[in-house]
Amino acid sequence: MNLTNLGLAQRPDLFDAHTIHWHGFRNVITFFDGEPTGSIAVTTGRVFQYVYRPRDPGTYMFHCHVEDVEHVHMGMTGPVWVRPRQNVTNPGLYRSGKFAYNDGDGSTGYDREFPMFCSEVWGDSHWADAHIQLPEWSDYDPDFCLLNGRVYPDTLVPNGPIDTTHSTNVLAIQTDANGDLVAPAGRPDLQYQPYSALVTCNAGDRVLLRFANLGFKESAMTLVGLTMRVVGKDATPMKGRDGTDTSYEATTVSFGAGESIDAIFTAPAHSGGSGPDVYVLYDRAYERTNNLGGGGRRTEIRVYPANTLPPQTLPNT
Ligand SMILES: [Cu+2]
C-alpha cells in the first residue's frame with residue numbers, strides 16, 4: 001500500500017506528516033506500524049510504501065497516527081478486513097464459500113457483508129481550520145455521529161460509482177482525470193462521503209455486519225426486529241481456548257473507540273407486501289442517532305423476496 005502526502009493546497013503553513021497505523025494488527029517490529037515516535041512517517045511531497053503480512057482474520061481499522069485526534073477526525077481512517085484462509089481451503093463449508101473466520105464448521109459463513117464504520121465530526125474544529133485558527137482538541141466535543149462517513153438519510157444513498165478495476169475485496173470509488181473522487185449520481189454534496197450504509201439482502205441470506213468504531217464515543221447499534229449473532233470481537237472469533245462456542249445473540253451491540261464487532265443475522269421471510277421489508281439499524285444513544293436535531297447514525301436493512309438480488313460480488317453493494 002502506497003501513502004502519498006500531497007500537503008494542503010489551501011494551508012501551506014500546515015506541513016504535518018501522515019502515517020498508516022494498522023490498528024489492532026500484531027507487528028513484529030514497529031517500523032511499518034505508523035505510530036510516529038516509533039516508526040517512519042510520510043512528510044509532504046513524499047511517497048512511502050507500507051508492507052504488512054496479515055496474520056489473523058477479522059475486522060480491523062486503519063488510521064493516521066500523526067496528530068491522532070485531528071487527523072482521524074479529518075477522515076484519515078477506515079475499515080480493514082482480513083480474509084480467513086478457509087475461503088480458499090474449505091469453501092464448501094457454506095454455500096457462498098465466504099467466511100468471517102477460520103471456524104472449521106461454517107458457522108461464520110455469510111452471503112453478504114457490509115461495513116458499519118462509526119466516526120464523528122466536531123463542527124467547531126472545522127470552523128477553526130477554515131478561519132486559520134487553532135482548534136483546541138482537548139475541547140473535543142463532536143456534534144455529529146456518522147455511519148460510513150454519512151448521517152441519515154444520506155446513509156441510504158448508493159455508493160459513488162465503483163471502479164471495478166480493483167480487487168473484488170476492495171470497494172474502490174471511481175476517480176476523475178484529476179484523481180478526485182466521482183460523486184454518487186445526483187449528489188455532488190456527497191463527493192467526499194462516497195460510501196453508502198444501506199444494507200440490501202434476500203430473505204434467507206446470512207448478512208455479516210462488520211462494526212468498527214474510530215470515534216471517541218461508545219456506539220450502541222440496535223437492529224430493530226432482527227436478532228444478530230455476534231461471531232467475532234476485535235478480530236477474534238467467539239471461541240474459547242478449548243473450542244467452546246462463545247458466540248451470542250443480541251439486538252444491540254455496544255463497542256467503544258477502537259473496537260470492532262462481527263455480527264451475522266439471517267434475513268427473515270419476506271412479508272409478501274410490495275417492495276422490500278425494511279428494518280432500522282440505529283445508534284440507541286439518542287444524541288448519536290439525532291445529532292443536532294436531524295440525521296444521525298442510522299440506516300436501513302432492506303429484505304427482498306428470496307432470489308431477487310444476485311449474489312454479492314463486492315462488499316457493501
Ligand atoms: Cu495524518
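This is a predicted model: local features need pLDDT of at least 70, side-chain atom pairs count only at pLDDT 80 or more; totals for chains, interfaces and linings use all residues.
Select phenylalanine 31 to start.

**Stop 1**

Now look at the two rings. The centres of phenylalanine 31 and phenylalanine 48 are 6.3 Å apart and the planes meet at 65°, so the pair is edge-to-face. Phenylalanine 31 sits in the loop between strand 2 and strand 3, while phenylalanine 48 belongs to strand 3. The two are 17 residues apart, and the pair links distant parts of the chain.

**Stop 2: the aromatic cluster**

Together they form one aromatic cluster. The structure as a whole holds 15 aromatic pairs. One of them is tryptophan 22 with tyrosine 52, a stacked pair with 5.5 Å centre to centre and 25° between the planes. Tryptophan 22 lies in strand 2, and tyrosine 52 in the loop between strand 3 (47-49) and strand 4 (58-63), so this pair ties together parts that are 30 residues apart in sequence. Are tryptophan 22 and tyrosine 52 buried or exposed? Both are buried.

**Stop 3: the copper ion**

Four residues coordinate the ion: His18 through ND1, Cys64 through SG, His71 through ND1 and Met76 through SD. The distances run from 2.0 to 2.7 Å. The four donor atoms subtend angles of 89 to 128° around the copper ion, which makes the arrangement tetrahedral. For comparison, the ideal angle for four tetrahedral donors is 109.5 degrees. In sequence, the donor residues follow the spacing H-x45-C-x6-H-x4-M. Histidine 18 is in the loop between strand 1 (2-4) and strand 2 (21-23), and histidine 71 is in helix 1 (residues 68-73), so the two tie together parts that are 53 residues apart in sequence.

Colour the histidines by accessibility. Histidine 18 has 14% relative accessibility and therefore counts as buried. Histidine 71, at 5%, counts as buried too.

**Stop 4: backbone details**

Go to tyrosine 152 and proline 153. The peptide bond from tyrosine 152 to proline 153 is cis, with omega near 5°. Proline 153 is in the loop between strand 7 (144-147) and strand 8 (199-202).

Jump to alanine 235. Its phi is positive, about 60°, although the residue is not a glycine. Alanine 235 is in the loop between strand 11 (228-233) and strand 12 (236-237). With 8% relative accessibility, alanine 235 counts as buried.

Then pick asparagine 307. This residue also has a positive phi, about 65°, and is not a glycine. Asparagine 307 is in the segment after strand 17 (298-304). At 74% relative accessibility, asparagine 307 counts as exposed.

**Stop 5: the whole chain**

Clear the selection and zoom out. The chain has four helices and 17 strands. Its C-alpha trace spans about 60 × 45 × 40 Å along the principal axes. The radius of gyration is 20 Å, which agrees with the value near 20 Å for a compact globule of 317 residues.

Colour by burial: buried residues make up 47% of the 317 residues. Switch to a surface view. The chain exposes about 15,800 Å², and carbon and sulfur atoms supply 54% of that area. Of the contacts with a separation of 6 or more, 68% join residues 24 or more positions apart.

How values were computed
Residues are numbered from 1 along each chain as its sequence is written. Side-chain values use heavy atoms; hydrogens and water are left out. Donors are N, O and S atoms within 2.8 Å of the metal (3.2 Å for Na, K and Ca); water is not among the atoms, so sites may look incomplete. Four donors count as tetrahedral if all angles lie between 85 and 135 degrees; four count as square planar and six as octahedral if opposite donors are over 155 degrees apart and all others between 65 and 115; anything else is irregular. Buried means under 20% relative accessible area, exposed over 50%, partly exposed in between (1.4 Å probe, protein chains only). The radius of gyration is taken over C-alpha atoms; the globule rule is 2.2 Å times the number of residues to the power 0.38. Contact means heavy atoms within 4.5 Å. Accessible areas come from the Shrake-Rupley method with a 1.4 Å probe; for residues, only the protein chains shown count as cover. Rings of Phe, Tyr and Trp (its six-membered ring) pair if their centres lie within 6.5 Å; planes under 30 degrees apart count as stacked, over 60 as edge-to-face and the rest as tilted.
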